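How do the helices of a protein pack, and what lies inside? Take a look at the sequence and the structure below.

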Amino acid sequence: MIEVLRRLDRRTIYVIMALSVILPLLHPIRLPVTPSVPVIETFNFVEKIPVGGTILLSFDYGPSTAVELDPVAKSILQQCFRRGVRVIGMTLLADGRPFLDRNMAEVAKAFGKTEGTDWVDLGFQLGGFTVIKSLGNGFAQAFPTDRHGHQTTALPLMQQVHDYRDVALVMSLSAADPGIRDWIKIIPSEFRRPLGCACTAVYFAELAPFLNSGQLIGLVGGLRGAAEYEKLVGIPGTATQDMDAQSL
């Protein structure tokens, strides 16, 4: 058998590999996905937030990592809007702005949510760690206006939610710097608020110690973690489809 494989034309292997990737993308086969404990913990925490509660969701990723983090963003938004949990979106990265704007607007529209009341898009603010710190003194201080240029203090949601004390969870979708490491320095210790994270697969091992120490309430890692979250939410998306190709 080994000799047969050795004599096999490498172009045949390339064709097999190509088909293994392309066919599941065209016709998903829905291979079994078993949610891991860190993903379940993240999902359960969001699920326990009371109706009318609020989370702060930071889109700290760009185009190069969107394939892993976009599906998580959508699943979390779907879970929140379905349960009546309000969402404040923001980003610490300039190239994270398109993903923040698109995902929030599209999912909110699908669930019939009203901007300014059920969700707010604060947009991008330069400063990283400094921005995270200043949010503790008031969201309006760090973001005087939303993505449309409206005064933050004039938005119905932001009249009820002023700083970290008014949110049930801070969640960073992180793949870069600034990102989750900056949030970890501030949120769990100084402001004592729950902090969650979704990250790229290569970042997972580096962040696992913060999960074990209790500084993170949960951790969603890579495309697989995104597919696991989609399964828990019950709305299969691109991560579930892409995992078929990756598994094969």
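Keep in mind that the model is predicted.

## Helices α4 and α10

Start with helix α4, residues 66-83, and helix α10, residues 222-233. Their axes come within 8 Å and cross at roughly 20°. Angles under 35 degrees count as roughly parallel, so α4 is roughly parallel to α10. The crossing is left-handed.

Which residues of α4 and α10 make the contact? From α4 come V67, E68, P71, V72, S75, I76, Q78, Q79 and R82. From α10 come G222, L223, A226, Y229, E230 and V233. Sort the residues of this contact by class and you get eight nonpolar, four polar and three charged.

## Helices α2 and α11

Now turn to helix α2, residues 10-26, and helix α11, residues 238-247. Their axes are 8 Å apart, and the packing angle is about 155°. Angles over 145 degrees count as roughly antiparallel, so that is the label for α2 and α11. This crossing is right-handed.

On the α2 side, S20, V21, P24 and L25 take part. They meet Q241, D242, D244 and A245 of α11. The contact of α2 with α11 holds four nonpolar, two polar and two charged residues.

## The nonpolar cores

In soluble globular proteins, nonpolar side chains tend to be buried together. Here the largest nonpolar core has 37 residues. Within this core, F59, I76 and L173 have the most contacts. Several elements each supply at least two of its residues: α3 (37-47), β1 (54-60), α4, α5 (97-110), β4 (169-174), α10 and α11. Which element gives the largest share? It is α4, with eight residues.

Look closely at I76. Leaving aside residues up to four places away in sequence, I76 touches I55, L57, M171, L173 and Y229. I76 also belongs to the contact between α4 and α10, as does Y229. There is a second, separate core of 33 residues. V131, M158, Y164 and L211 are among its members.

## What covers α11

Which residues of α11 are buried? They are A239, T240, D242, M243, D244 and A245. Among the elements that cover these buried residues are α2, α4 and α10.

Notes:
Residues are numbered from 1 along each chain as its sequence is written. This is a predicted model: local features need pLDDT of at least 70, side-chain atom pairs count only at pLDDT 80 or more; totals for chains, interfaces and linings use all residues. Side-chain values use heavy atoms; hydrogens and water are left out. Axes are lines fitted to C-alpha atoms, for helices over the stretch in contact, and angles run from 0 to 180 degrees between N-to-C directions. Helices (H or I, at least four residues) and strands (E, at least two) are DSSP runs, numbered from the N terminus. Angles under 35 degrees count as roughly parallel, over 145 as roughly antiparallel, 65 to 115 as roughly perpendicular and the rest as oblique. A crossing is left-handed if the near helix is turned anticlockwise from the far one by less than a right angle, and right-handed if clockwise. Contact means heavy atoms within 4.5 Å. Ala, Val, Leu, Ile, Met, Phe, Trp, Tyr, Cys and Pro count as nonpolar, Asp, Glu, Lys and Arg as charged, and the others, Gly among them, as polar. A nonpolar core is a set of buried Ala, Val, Leu, Ile, Met, Phe, Trp, Tyr and Cys residues joined through side-chain atoms within 4.5 Å. Buried means under 20% relative accessible area, exposed over 50%, partly exposed in between (1.4 Å probe, protein chains only).
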